[in-house]
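Okay, everyone, thanks for coming.

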Amino acid sequence: MGTPTLLGISGSLRAESTNRKLLREAARLFGDCSYTEADLQMPLYDGDLEDAEGIPAPALALADQITSADAVILSTPEYNKGPSGALKNALDWVSRVEGNPWADKPVAVMSSAAGRAGGERAQMILRGYILPFHPRMLPGPEFHLAACYEAFDDDDKLTSDHYTKSLTTLMEKLHAEIKR
């Protein structure tokens, strides 16, 4: 196997969100890989829109990215005790694509939030959203980045040895799952 391809999917649409920073740090800690971030800018799922126009190009592009990746890393913020609507919407659109790009795909899930629990509830709900697609989701270590606005240095690297070690372990397990 050559250089693994990782797809990062952030539940936050902000360009410099802590969830995007976390995905980039995960890719760095993963090691040698080709890393791409998904774009979740797409219309809200609407069956009438799908009937009239088909699946929108951004949703098809995301499905292709998932299919092409050797593994996917997902990071969700916690908005009102759950994952973002943008992330759920993207998952709903991709579920309408012919075939199942998630099937047997290695997936690591993480969260980044300002609160003490680091998005634990949102991550638990996100795992429930993904399971029907039958990926090879890593059970852990669970990674919940709390107090996220204080967690990165000026180079967008995690400042906590504890978090760095835990994220490294998660990426090592993802690396092993790709090789499985």
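This is a predicted model: local features need pLDDT of at least 70, side-chain atom pairs count only at pLDDT 80 or more; totals for chains, interfaces and linings use all residues.

A pair of aromatic rings is described by the distance of the centres and the angle of the planes. Here the count comes to 3 aromatic pairs. Take Tyr45 and Trp93: the ring centres are 4.8 Å apart and the planes sit at 70 degrees, and since over 60 counts as edge-to-face, that's what this pair is. Where do the two residues lie? Tyr45 is in the loop between β2 (34–37) and α2 (47–53), while Trp93 is in helix α4 (residues 85–95), so the pair ties together parts 48 residues apart in sequence. Trp93 is buried, at a relative accessible area of 0%, whereas Tyr45 is partly exposed at 32%.

There's another ring to look at, on Tyr129: the charged end of Lys88 sits over it, 5.0 Å from the ring centre.

Next, the largest pocket. Its volume is about 160 Å³. Who lines it? Among the lining residues are Glu78, Lys81, Arg116 and Arg121, along with Gly115, Gly118 and Gly119. By class, the lining has 4 charged, 3 polar and 3 nonpolar residues.

Last stop, Thr3, which lies in the segment before β1 (5–10). Thr3 is partly exposed, with a relative accessible area of 43%. What does Thr3 touch, leaving out residues up to four places away in sequence? Asp32, Cys33, Ser34 and Asp70.

Terms used:
Residues are numbered from 1 along each chain as its sequence is written. Side-chain values use heavy atoms; hydrogens and water are left out. Rings of Phe, Tyr and Trp (its six-membered ring) pair if their centres lie within 6.5 Å; planes under 30 degrees apart count as stacked, over 60 as edge-to-face and the rest as tilted. Helices (H or I, at least four residues) and strands (E, at least two) are DSSP runs, numbered from the N terminus. Buried means under 20% relative accessible area, exposed over 50%, partly exposed in between (1.4 Å probe, protein chains only). A charge sits over a ring if NZ of Lys or CZ of Arg is within 6 Å of the ring centre and within 35 degrees of the ring normal. On a 1 Å grid over the protein atoms alone, a cavity is a set of points where a 1.4 Å probe fits but cannot get out, and a pocket is an open set with protein on both sides within 12 Å along at least five of seven lines; lining residues have an atom within 4 Å of a point. Grid points are joined across faces, edges and corners, and a volume is the space filled by probe spheres set on the points. Ala, Val, Leu, Ile, Met, Phe, Trp, Tyr, Cys and Pro count as nonpolar, Asp, Glu, Lys and Arg as charged, and the others, Gly among them, as polar. Contact means heavy atoms within 4.5 Å.
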